[in-house]
Amino acid sequence: MPLLLLSGFPSSGKTTRAHEIKSYLENEKTKTVVIVSEGDLLEKEKNEIFSDSTREKDIRCALKADVLRLLNKEDVIILDAANYIKGYRYELYCASKQIKTTQCLVHCLAPIEQAWTWNLARPEAEQYTREAFDGLVMRYEAPNSSNRWDSPMFTVLPEDSPPCESIYNALYLCKPPPPNQSTQTQPLSSTNFLFELDRTTQEVAGCVMSAQKTLVPGDTIKVPGVGESVCFGRKVTLAEITRARRQFISYTKTHPVEDTSKLMALFVRYLNSTLG
């Protein structure tokens with residue numbers, strides 16, 4: 001689902017905005033919209049939860065799990081929560097990138113004292129205590145549209161209506177951010193491939209270290225079965241060879257080579273380019 005995050009101080013109107021946007025998308029655009037609400041998990045224990053960092057973290061994890069379970073490319077999921085931690089918003093951004101769907105953020109920007117007044121207008125059992133309210137305000141990391149994970153961002157003031165048409169355009173008419181290696185599911189390598197990768201790189205490393213015992217620094221080193229010679233122009237240490245081998249293995253695990261007979265030649269070329 002295209003993902004829409006709400007963000008704002010406690011009692012800043014996030015739930016009201018979530019339902020206004022949901023109504024627009026369903027009635028005007030015939031979209032299916034699901035709201036994942038922090039309030040459903042907090043129930044009447046919000047003050048106790050937000051006074052306990054472990055329970056607070058558990059709530060965030062539960063919300064993220066619900067979002068990840070529902071994400072797809074067609075319908076809209078609205079996360080109605082404070083989303084006050086920058087790193088948490090970034091994690092959700094990466095999740096939407098991974099499935100190649102769009103995301104936007106609606107910032108409910110209400111003055112602190114107005115949010116507190118709205119809090120006091122609630123039934124007493126649903127109110128934040130002043131201590132819990134002030135604690136959440138103090139921990140709030142405001143979104144910034146210059147951050148890619150907070151963009152596109154729509155700021156809604158208390159007297160404004162949410163820009164529903166612009167939100168729809170951001171979710172459905174814009175291209176999702178391209179996935180990168182950090183958000184891509186890495187390909188699985190066969191056991192045989194990993195065995196060959198380890199064996200061939202170890203064989204080349206052993207050949208190089210053995211040859212350096214008798215050769216003059218700058219001489220080329222011939223690896224049996226490989227057309228390209230190793231040429232460093234200096235004597236390299238075992239630590240350098242080991243580090244280069246580890247880096248080559250890590251990269252090749254995520255970019256497997258179909259023809260394992262080429263692994264040795266590729267590693268020789270890699271050594272020349274990184275240590276030569």
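I am working with a predicted model, where local features need pLDDT of at least 70, side-chain atom pairs count only at pLDDT 80 or more, and totals for chains, interfaces and linings use all residues. Residues are numbered from 1 along each chain as its sequence is written, and side-chain values use heavy atoms, with hydrogens and water left out.

**Cores.** I looked up nonpolar cores, meaning sets of buried Ala, Val, Leu, Ile, Met, Phe, Trp, Tyr and Cys residues joined through side-chain atoms within 4.5 Å. Buried is under 20% relative accessible area, exposed is over 50%, and partly exposed is in between (1.4 Å probe, protein chains only). The largest core holds 27 residues. L3, L63, V67, L79 and L92 have the most contacts inside it. At least two of its residues come from each of β1 (3-8), α4 (53-70), β3 (76-80), α5 (86-98), α6 (112-120) and α7 (130-139). Helices (H or I, at least four residues) and strands (E, at least two) are DSSP runs, numbered from the N terminus. Another core, of 22 residues, lies apart and includes V230 and M264.

I then checked V67. Leaving out residues up to four places away in sequence, V67 touches L3, I77, L79 and L92; contact means heavy atoms within 4.5 Å.

**Cysteines.** I searched for disulfides (cysteine sulfur pairs within 2.5 Å) and the count is zero. The sulfur of C61 has its closest cysteine sulfur in C94, 16 Å away, so the two are too far for a bond. C61 is partly exposed at 42% relative accessibility, whereas C94 is buried at 17%.

**Proline.** I found P256 in the loop between α10 (238-254) and α11 (263-275). P256 is partly exposed at 38%. Its C-alpha is 17 Å from that of V268, 12 residues apart in sequence.
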